[in-house]
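Please keep the model open while reading the points.

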Amino acid sequence: MLSLHILAETFVAAPRAPASSSHARGGGPPAMAAGEPPHVAVVGAGWGGWAAAQTLVENGCRVTLLDSLPDPTGETPYLTPTGKPFEAGTRGFWKDYPNIEALTRSLGLREEDVFTPFTNSSFYSPDGLEATAPVFSSTNLPFSDAPLPELPSPLGQVLATFQLFERIPVPDRVTVLGLLYATIDFTRDEEAFRAYDRMTAHELFLRMGISERFVRDFLKPTLLIGLFKPPEELSAAVAMELLYFYALAHQTSFDVRWIRYPSISELLIAPLARSLLAKTLPPAGEAAGEADGGPGGEDSGAGEADGAGGAPALTVLGGSRVQSVQLDAAGKVSGLSYASRGG
């Protein structure tokens, strides 16, 4: 039986030992013996699932991680029929990804072995390539060898890409300066928010004198990427909130790099899985808070496997699918059933 709590997009559960078959079912929450670490199940081995598993293991929990992939640890890559590595999700990593950078360091990996150098980004309209965004952290002022100063977004982006537009004429590019007035006028108080919320982002752009060509071929694709809707369907207040948010960051935040060959699973997930699978629980009967450094000590979580420690802190069940979720009398999730592939 798996007693569940929801964490982000991942189910986190405190299970009893599963049934002898490949299914786990149950009634009420399990009772744990004194000193026995919580047994938690995490459903889904994506970024959220592995992050949950890592946090739980490091805090002294016994974790079972379930995923439908045959091998979610990354040791056996999931391939397309043509033999290419396949994985869902982005392969791009922006400059301000401190959690990913911290993970890379904690695993003893060199960033240059995991990621490509930062690369240019391209903006396309239905007519083709419109502009190329440079690597802002190594860009010079237009028509000069002087380094580009760090300016708040979107000024830095506009200045850095000014000479890299392929199709939009210079007079159309200049009209984007009308956004400066809107940025100053949008004070983000209740009155300003209501005023901007009464118009669409497209109406705002035209009021600010931005050319229809620039809106159609540059701003519209940008909003489709950032907010997944065209300016005609977006509140001007929402669009300005997005600009306000990005104005807190410098243009270097938009620099992007990519995972190297072959895949994220093999370069990042596999080392993380190996490190967690090597951890063991404290000996039976010893409370997690009393392990090593004692209550409140720094070493109160799972330890490293040395052949003589406790049980593994992490168990990974690939090829497993959740079949149903149970609720208790109060309507809260209290358990789930899962089946292993072929079981």
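The points below go from the overall make-up to single residues.

1. Basis of the note. The model is a predicted one, in which local features need pLDDT of at least 70 and side-chain atom pairs count only at pLDDT 80 or more, while totals for chains, interfaces and linings use all residues. Residues are numbered from 1 along each chain as its sequence is written, and side-chain values use heavy atoms, with hydrogens and water left out.

2. Overall make-up. The protein has 11 helices and 13 strands; helices (H or I, at least four residues) and strands (E, at least two) are DSSP runs, numbered from the N terminus. Of its 343 residues, 39% are buried, where buried means under 20% relative accessible area, exposed over 50%, and partly exposed in between (1.4 Å probe, protein chains only). The accessible surface comes to about 18500 Å², and 57% of that belongs to carbon and sulfur atoms. Such areas come from the Shrake-Rupley method with a 1.4 Å probe, and for residues only the protein chains shown count as cover. Among contacts (heavy atoms within 4.5 Å) between residues at least 6 apart in sequence, 64% join residues at least 24 apart.

3. Helix H1. This helix covers residues 47-58, 12 residues in number, and reaches 16 Å from its first C-alpha to its last, close to the 16 Å expected at 1.5 Å a residue. The expected span is 1.5 Å times one less than the number of residues. Which residues of H1 are buried? They are Gly49, Trp50, Ala52, Ala53, Leu56 and Val57. Seen down the axis of H1, these buried residues fall within an arc of 160 degrees, so they line one face of the helix; the arc is that of the directions from the helix axis to the C-beta atoms. After H1 comes Gly60, with a positive phi near 85 degrees.

4. Salt bridges. Side chains of opposite charge can pair when their charged atoms come close. A salt bridge is here a side-chain nitrogen of Lys or Arg within 4 Å of a carboxyl oxygen of Asp or Glu, and the count comes to nine. One of them joins Glu101 and Arg257, at 3.7 Å from N to O. Glu101 belongs to helix H2 (residues 98-106) and Arg257 to strand E8, so the pair ties together parts that are 156 residues apart in sequence. Arg257 is buried, at 8% relative accessible area.

5. Arg213 and Asp217 form a salt bridge whose closest N and O atoms are 2.7 Å apart. The two are four residues apart in helix H9 (residues 212-226), and are therefore separated by about one helical turn. Arg213 is partly exposed at 25% relative accessibility, whereas Asp217 is buried at 3%. Elsewhere, salt bridges that share partners join Glu101, Glu111 and Arg257 into one network. Arg110 and Asp113 also meet in a salt bridge, at 2.8 Å from N to O; Arg110 is partly exposed at 49%, and Asp113 is partly exposed at 40%.

6. Backbone details. Most residues other than glycine have a negative phi, and most peptide bonds are trans. Phe228, in the loop between H9 and H10, has a positive phi near 65 degrees. With 67% relative accessibility, Phe228 counts as exposed. A cis peptide bond, with omega about 15 degrees, joins Tyr261 and Pro262. Pro262 is placed in the loop between E8 and H11.

7. Loop residues around E8. Is Ser263 buried or exposed? At 3% relative accessibility, Ser263 counts as buried. Ser263 is found in the loop between strand E8 (256-258) and helix H11 (264-277). Leaving aside residues up to four places away in sequence, Ser263 touches Pro85, Glu87 and Arg91. Phe254 lies in the loop between helix H10 (236-247) and E8 and is partly exposed at 25% relative accessibility. Phe254 and Pro134 are 120 residues apart in sequence, with 9.4 Å between their C-alpha atoms.

8. A nonpolar surface patch. Val170, Val174, Leu177 and Leu180 make a nonpolar surface patch of about 310 Å². Patches are made of residues with over 30% relative accessible area and no salt bridge: like charges are joined within 9 Å, and nonpolar side chains (Val, Leu, Ile, Met, Phe, Trp, Tyr) within 5 Å. Leu180 lies in helix H6 (residues 178-185) and is partly exposed, at 37% relative accessibility.
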